[in-house]
Amino acid sequence: MPIRKTLLLSLSLLAFPATAMADTLFQNVTVIDGTGAPVQHNRNVLVKGGRIAAITDATAELPADTTIIYAGEYTLLPTLVNTHGHVGLLKDDKGSPSHLTADNIARHLQQYESYGVSEVLSMGTDHTNAFCMRKATAEKQVKGARLFTTGHGFGVENGAPPASMGIDEVKRPKTAEEARQGVRALAANKPDMVKIWVDDFGGTVPKMTPEVYTAIIEEAHMNGIRVAAHVYYAEDARNLVANGVDVIAHSIRDTEVDDALITDMRERGVTYIPTLSLDEFAFVYEARPAWMDDKFFKNALEDGTFERIDSAAYRDKIKADPKSAKDAAGLQIALKNLKRIHDHGVRVTLGTDS
């Protein structure tokens, strides 16, 4: 099957800058409109003033005084929204809080937009300057994807998220009262969500207690803010949902979810973000998948990343790591859980953890 090229709605004129100020018709394109309606084949899409003015059959008469671009090998679809990212943390294949500058955040947002992502929610690893960047992107003072942010997240002392990941402003409350105070302080910046980590990383670190995460959820809700939880285990997801969490921000990977949990998620309006790319990348490069040689993939990477993941030493490291088999099995569970959760009417959104 031939691979179709993709043209994103808000980026269509960027792909053809010479036509940006002219009326433009993309001829004979395939259209996915994002409403859930069937795919539309052989359509003409007329753009006026940077907005889609009409979608008609390809046999329709072509308008006069319009630039015609034949797009028969393209699929046109709405831009993407990434509901789980970590903007600005990475630079030159290394994560560090020193990278969370306005310039590096802006660079990441421009990279997101160049790959068809028009909005991204940064989940729990930001500094206070993210709120200024959020305002700047909303007012289009900074180019690129629009930024939403949870600010700093809430984790556990000597636990998740590991300080070694370069996440330095996460709050790590020991008691429910500390948790409530932390949420109240964060709420002054009006974060788009609150992020918590509830995971013991395979039993290697302490896990956030129900007392603490329940206090965070309650206090956030009193301030009109939703809460997203990093999870791994189905039982943690079950307890979090019962205590009012709004978003499960990763795939459930330890076991297949049961009907009771799915029903509770649906009835409580919980959103599920299956970060499948995260679930896969931990082990997939050992087999050197063919898409590693695709320019679209290579151009998305930070400097030095491709050389690292394409090295024999990296492949040997994955092969020797006993966790790799668990990660591969976890992806298969994640896929099954995503199918069941989606089929039962739970809201699912795209998240990459990039």
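Which side chains meet in a salt bridge at 3.8 Å, N to O? The pair is Lys-336 and Glu-256. A salt bridge here is a side-chain nitrogen of Lys or Arg within 4 Å of a carboxyl oxygen of Asp or Glu. The structure is a predicted model, in which local features need pLDDT of at least 70, side-chain atom pairs count only at pLDDT 80 or more, and totals for chains, interfaces and linings use all residues. Residues are numbered from 1 along each chain as its sequence is written, and side-chain values use heavy atoms, with hydrogens and water left out.

The Lys-336 to Glu-256 pair links distant parts of the chain. Lys-336 lies in helix α11 (residues 323-343). Glu-256 lies in the loop between β14 (247-248) and α6 (259-268). The two residues are 80 apart. Helices (H or I, at least four residues) and strands (E, at least two) are DSSP runs, numbered from the N terminus. Lys-336 is partly exposed, at a relative accessible area of 48%. Glu-256 is partly exposed as well, at 44%. On this scale, buried means under 20% relative accessible area, exposed means over 50%, and partly exposed lies in between (1.4 Å probe, protein chains only).

By the salt-bridge rule, the count comes to 23. Side chains of opposite charge can pair when their charged atoms come close. Two further pairs lie within helices. Arg-268 is partly exposed, with a relative accessible area of 46%. In helix α11, Asp-343 and Lys-339 are also 4 residues apart, about one turn of the helix. Their closest N and O atoms are 2.5 Å apart in a salt bridge. Asp-343 is partly exposed, at 46%, whereas Lys-339 is exposed, at 52%. Salt bridges also form a network that links Glu-177, Arg-180, Arg-184, Glu-218 and Glu-219.

Attention now turns to the sheets. Five strands form an open sheet with parallel pairing, in the order β12-β13-β14-β15-β16. Two strands pair if DSSP finds at least two bridges between them. The edge strands, β12 (194-197) and β16 (347-348), each pair on one side only. Helix α4 (residues 210-222) packs on this sheet and touches β12 and β13 (227-230). Contact means heavy atoms within 4.5 Å. The direction of α4 makes about 175° with that of β12. Axes are lines fitted to C-alpha atoms, for helices over the stretch in contact, and angles run from 0 to 180 degrees between N-to-C directions. Thr-271 has Arg-347 in β16 as its bridge partner.

Another open sheet holds 3 strands in the order β7-β10-β11, with parallel pairing. Its edge strands are β7 (80-85) and β11 (146-149), each pairing on one side only. Neighbouring strands of the sheet are turned by 20° against each other on average, direction ignored. Between β7 and β10 (residues 117-122), which run parallel, there are 4 bridges. Gly-85 has Ser-122 in β10 as its bridge partner. Helix α1 (residues 102-114) lies across β7, β10 and β11. The helix runs at about 135° to β10.
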